[in-house]
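Here are my notes on the model you sent over. Have it open on your screen while you go through the points.

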Amino acid sequence: MDRIELRGGGSVRGECVPPPDKSISHRAVIFSSLAEGRSSVRNFLRAEDTLSTVSAFRSLGVEIEEQGGGLLIRGKGIYGLREPDGVIDCRNSGTTMRLLSGVLSGNAFFSVLSGDDSLRRRPMQRVVGPLRQMGAEIRGRDNDRYPPLAIRGGTLRAMRYALPVASAQVKSAVLLAGLYAEGETSVSEPHQSRDHTERMLPSFGAVVGVQARTVTVKGGAELHGRDTVVPGDFSSAAFFLVAALLADGSEIEIRNTGINPTRTGLLGVLKRMGAEITVGNLREVSGEPVADISCRGGNPLKAVTVGGDEIPLLIDEFPILCVAATQAEGVTSVKGAEELRVKESDRIKAMAAELRKFGAEIEEFPDGMNIKGKAALRGCEVLSYGDHRIAMALSVAALLAEGTTVIHDASCVDISFPGFYEELRRLTR
Ligand code: S3P
């Protein structure tokens, strides 16, 4: 699908269940592949990104079968992977490439990781640096800055690493390499990033300690297969949540949504803006908090300032937060978010450029933007930059706009949310 046409107006009503969590699905496949024996992953996200991780582990010799909507994985143990006979194509997935670089650093064979045009422009020095310090032979294009990465793994040394920038992908890469090192490897981060790795790894038998913002893993542990159930993805739910809050007459219930506090920074920001959101039916699924989220639309929202510790907790929700800000009274300011420039696209530049086409007033800064609301949005022609979250955020802007909007390069939603447009249409009245 090259382009999609969306008509503005209407409300968002009904019940929905978001697709399974992307970050947790990746990790379930990786840890199950490294475990001895059988594991299952129920409610696995079948989307382009997570399927890249599945094909990567198949090429490393792991048997992964589809089973009743989930996966059955016959893991090989941490030393049971085999040298792949071709380049491992991570396609658009930064999580696949960065987490895999940690695993491959501990394996005594040669491997090459590459990806699509977007992934080949994303910074990799942040994993190359620490993994080389641990003893891996790892190189990247342009002085180790970018993919492809070539790795010859081997004996690793444990280390203490202080992340210069909060990143769950880099933290996880070092912790996974730490599984292969003798002794304890620890990673500290300047702000808390998502903690799915440290929550899930112990359930496979790894020895993991968490103290404030430092995570420690003990090398040499054997991992054992287990069953994982993946909760719904808050980052995908966020598009419907914001659509319902902004479109008059809306009322929505989003079921089975992960509400891990390292992921739900957007909820706090929306509440500060004046949104009424109910989080109920709290429960735990495979060590992750899960709930049903409901809200009604039409409450006036006011502008807020977002920055500091809050940024990593809503890093993937920035595009949809920008859309919410266009509808809040006053100037919403996002600061300290320079990491957004090195995501699947430069998300600051992309959202500023495309929301201006709708008529929003935006000032762009190197580390964020000011968005002046409340803006009357007008239908227009916009670009997704091949970035799934930009395409979905612009779809919500289109719903709020007067007239028709055309989104080019719209099929990239398949990276995290296949069926997104159908679901939006189903819920729009
Ligand atoms: C992810 C971590 C975040 C996030 C990405 C998924 C993960 O990236 O933006 O979508 O699954 O660990 P960074 O680690 O680069 O912040």
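1. Start with the kinds of residues around the ligand: the shell has 5 charged, 4 polar and 2 nonpolar residues. Keep in mind that this is a predicted model. If you want to click through the shell, its members are Ser23, Arg27, Thr95, Arg98, Ser167, Ala168, Gln169, Arg194, Ile315, Asp316 and Lys343.

2. Next, look at which helices take part. Helix H1 (22–34), helix H3 (94–105) and helix H6 (168–178) each give at least two residues to that shell.

3. Why does the ligand lie between domain 1 and domain 2? Both domain 1 (3–20 + 232–427) and domain 2 (22–229) contribute residues to the shell, so the ligand ends up between them. Notice that domain 1 is written as two stretches, 3–20 and 232–427.

4. Now zoom in on some polar side chains. Arg27 has a polar side-chain atom 2.6 Å from an oxygen atom of the ligand. For Asp316, a polar side-chain atom sits 2.7 Å from a ligand oxygen.

5. How much of the ligand's accessible area does the protein cover? On its own the ligand has 390 Å² of accessible area, and the protein covers 95% of that. The space the ligand takes up is also the largest pocket.

6. Most peptide bonds are trans, and most residues other than glycine have a negative phi. Here are some spots to check against that.

7. Pro147 and Pro148 are joined by a cis peptide bond, with omega about 0°. Pro148 belongs to strand E9 (residues 146–152). Another cis peptide bond links Gly373 to Lys374, with omega about 5°. Lys374 is in the loop between strand E24 (368–373) and strand E25 (381–383).

8. You'll find Asn43 in the loop that runs between strand E3 (36–42) and helix H2 (48–59).

Conventions
Residues are numbered from 1 along each chain as its sequence is written. This is a predicted model: local features need pLDDT of at least 70, side-chain atom pairs count only at pLDDT 80 or more; totals for chains, interfaces and linings use all residues. Side-chain values use heavy atoms; hydrogens and water are left out. A residue is near a molecule or strand if one of its heavy atoms lies within 4 Å of it. A polar contact is a pair of N or O atoms within 3.5 Å; within protein, one must be able to donate a hydrogen and the other to accept it, and residues adjacent in sequence count only if both atoms are side-chain atoms. Accessible areas come from the Shrake-Rupley method with a 1.4 Å probe; for residues, only the protein chains shown count as cover. On a 1 Å grid over the protein atoms alone, a cavity is a set of points where a 1.4 Å probe fits but cannot get out, and a pocket is an open set with protein on both sides within 12 Å along at least five of seven lines; lining residues have an atom within 4 Å of a point. A molecule sits in a cavity or pocket if more than half of its atoms lie within 2 Å of its grid points. Helices (H or I, at least four residues) and strands (E, at least two) are DSSP runs, numbered from the N terminus. Ala, Val, Leu, Ile, Met, Phe, Trp, Tyr, Cys and Pro count as nonpolar, Asp, Glu, Lys and Arg as charged, and the others, Gly among them, as polar. Domain bounds come from an automatic or database domain assignment.
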